[in-house]
Amino acid sequence: MAFLSAPSASWGISLLTILFAAAVHSNIIYDDDPLQPVTSDETVSVGGTVTLTCRVAESDNSSLQWSNTAQQTLFFGDKRALRDNRMTLFRSTSTELSISISEVQLSDEGEYTCSIFTMPVRTARATVTVLGVPGKPQISGFDSPVPEGDKVTLTCTSTGSKPPAKLRWYQGDQELQGRPDAMESVPDGPTYNVSSELTLEVSRSDDKTLITCAVDHASLAPGDKRSGQTLQVLYSPSVEIHPETDLPREGEKFFLKCSGVGNPLPTSFVWEKKDGELPPLAKVDGAKLNFEMLNKSDNGVYLCRADNGIGNNQGEYQLFVQDPTAMSTSSGVDHAVIGGVVAVIVFILLCLLIVLGRYLIRHKGTYLTHEAKGSDDAPDADTAIINAEGGHSGAEDKKEYFI
């Protein structure tokens, strides 16, 4: 029911309403009419704000009016006709009337009408679609850890969506395929409750994995509403034996440690020696096997069986006791590397000495004077003396040449 601010306004608006109703039922359409109002459809989520705008190309000073789905006048020009504080004037000019509706409810959905009171009355309609925002999804079906190899069925439910939301399953970033969504309409309401199921056969790799259910809906940004469930999978342990050192030496203390990874962690450990009994000086201390003093007779394969109540498994280790003076493999490798580097350096130095010695010998040379040159050319001793004296008389200085 509409409440008007004054009795006089009530008569005026009632008359306008009658005229408007007559225009609506006449279904008159005006093409290319500058006085024909123009509107647009709007979509808004519950709790949001929607703005309805009505425009005309030209003005003849006639007033524009907005009416709700029940044909109650909301605004006549810049005058509010309905006492609803959620509705406010956004803009009013001779060619435009825009109003805003805040805190939108599902009941606000429907067809709104803009009218201009010319002769005849011209109208335009705008459909407001209200989206029901879905609730945060809830995951059920996982109450306690499940053994490896069993199947688990998770159910995700989200309420209050309009139109019905779509539910998606994820394991990490990978989307999983669940059963088709089941939709149920809410009694006496336009919203829906949606549910989806996901069945998984779990393995040990699924332990501590997060399964996520996300709501996909036009009223939400991607990932806005999601819930997660961490899986817990029970599985038998995998077993390894780790030595105290990689170089067990005779006469020294030593221990082997049994490590088991499972859910739950193993609490029972049994030590054995393959093809024989444990040495007298080997003492079991839970996950450890301690050797007070290693002996060559301790050599052999040692087994450790770990049990966590779900299952058991065993690991093995080959023990080979070294001599007391044995060096670790890493130390031997280091010494070999150092020895190789020294050998290369010595070889390079010897090569340099040989090359340098040959260079000095080749460039030492033989010194010959002009006198010696004359004796070399003479056929006999007397001629050599004469040539030598002649060469001496023609030269002021001795010259030396490298040959």
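# Close-up views of a predicted model

Figure 1. Phe 291 is classed as buried because its relative accessibility is 3%; buried denotes a relative accessible area under 20%, exposed one over 50%, and partly exposed the range in between (1.4 Å probe, protein chains only). The model is predicted: local features require a pLDDT of at least 70 and side-chain atom pairs a pLDDT of 80 or more, whereas totals for chains, interfaces and linings use all residues. Residues are numbered from 1 along each chain as its sequence is written, and side-chain values rest on heavy atoms, with hydrogens and water left out. Three aromatic pairs are present in the structure. In one of these, the ring centres of Phe 291 and Tyr 302 are 5.5 Å apart and the planes stand at 90 degrees, so the arrangement is edge-to-face. This pair joins distant parts of the chain, eleven residues apart, with Phe 291 in strand β23 (residues 288-291) and Tyr 302 in strand β24 (residues 300-307). Rings of Phe, Tyr and Trp (its six-membered ring) are paired if their centres lie within 6.5 Å; planes under 30 degrees apart are stacked, those over 60 edge-to-face and the rest tilted. Tyr 302 is also buried, because its relative accessibility is 0%. Ring pairs connect Phe 254, Phe 291 and Tyr 302 into a cluster.

Figure 2. A nonpolar core is a set of buried Ala, Val, Leu, Ile, Met, Phe, Trp, Tyr and Cys residues joined through side-chain atoms within 4.5 Å. The largest such core has 21 residues, of which Leu 52, Leu 64, Trp 66, Leu 74, Ile 101 and Tyr 112 touch the most other members. Two or more residues each are supplied by β2 (50-55), β3 (64-67), β4 (73-76), β7 (96-101), β8 (110-116) and β9 (122-131). Beyond residues up to four places away in sequence, the residues touched by Leu 52 include Trp 66, Leu 97, Ile 99, Ile 101, Tyr 112 and Val 128.

**Figure 3. The surroundings of His 217.** His 217 occupies the loop between β17 (210-216) and β18 (226-230). Its relative accessibility is 7%, and His 217 therefore counts as buried. A polar atom of the His 217 side chain lies 2.8 Å from the backbone oxygen of Pro 163. Such a polar contact is a pair of N or O atoms within 3.5 Å; within protein, one atom must be able to donate a hydrogen and the other to accept it, and residues adjacent in sequence count only if both atoms are side-chain atoms. Residues up to four places away in sequence aside, the contacts of His 217 include Leu 131, Gly 132, Pro 134, Pro 163 and Pro 164.

**Figure 4. Glu 109 and the backbone of Val 130.** Glu 109 is placed in the loop between β7 and β8. Glu 109 is partly exposed, because its relative accessible area is 30%. A polar atom of the Glu 109 side chain is 2.8 Å from the backbone nitrogen of Val 130. Outside four places in sequence, Glu 109 contacts Thr 69, Val 128, Thr 129, Val 130 and Lys 162.

Figure 5. Most residues other than glycine have a negative phi, and most peptide bonds are trans. The bond from Met 119 to Pro 120 is cis, with omega near 0 degrees; Pro 120 belongs to the loop between β8 and β9. Asn 263 and Pro 264 are likewise joined by a cis peptide bond, with omega about 0 degrees, and Pro 264 is in the loop between β20 (254-263) and β21 (268-273). Gln 71, not a glycine, has a positive phi of about 65 degrees and sits in the loop between β3 and β4. Asp 188 has a positive phi of about 60 degrees and lies in the loop between β15 (182-185) and β16 (192-201). Asp 188 is exposed, because its relative accessible area is 88%.

**Figure 6. The whole chain and its confidence.** The protein has four helices and 27 strands; helices (H or I, at least four residues) and strands (E, at least two) are DSSP runs, numbered from the N terminus. Buried residues account for 34% of the 403 residues. The average pLDDT, the predictor's confidence in each residue from 0 to 100, is 84, and 80% of the residues score at least 70. Over residues 388-403 the pLDDT is below 50.

Terms used
Contact = heavy atoms within 4.5 Å.
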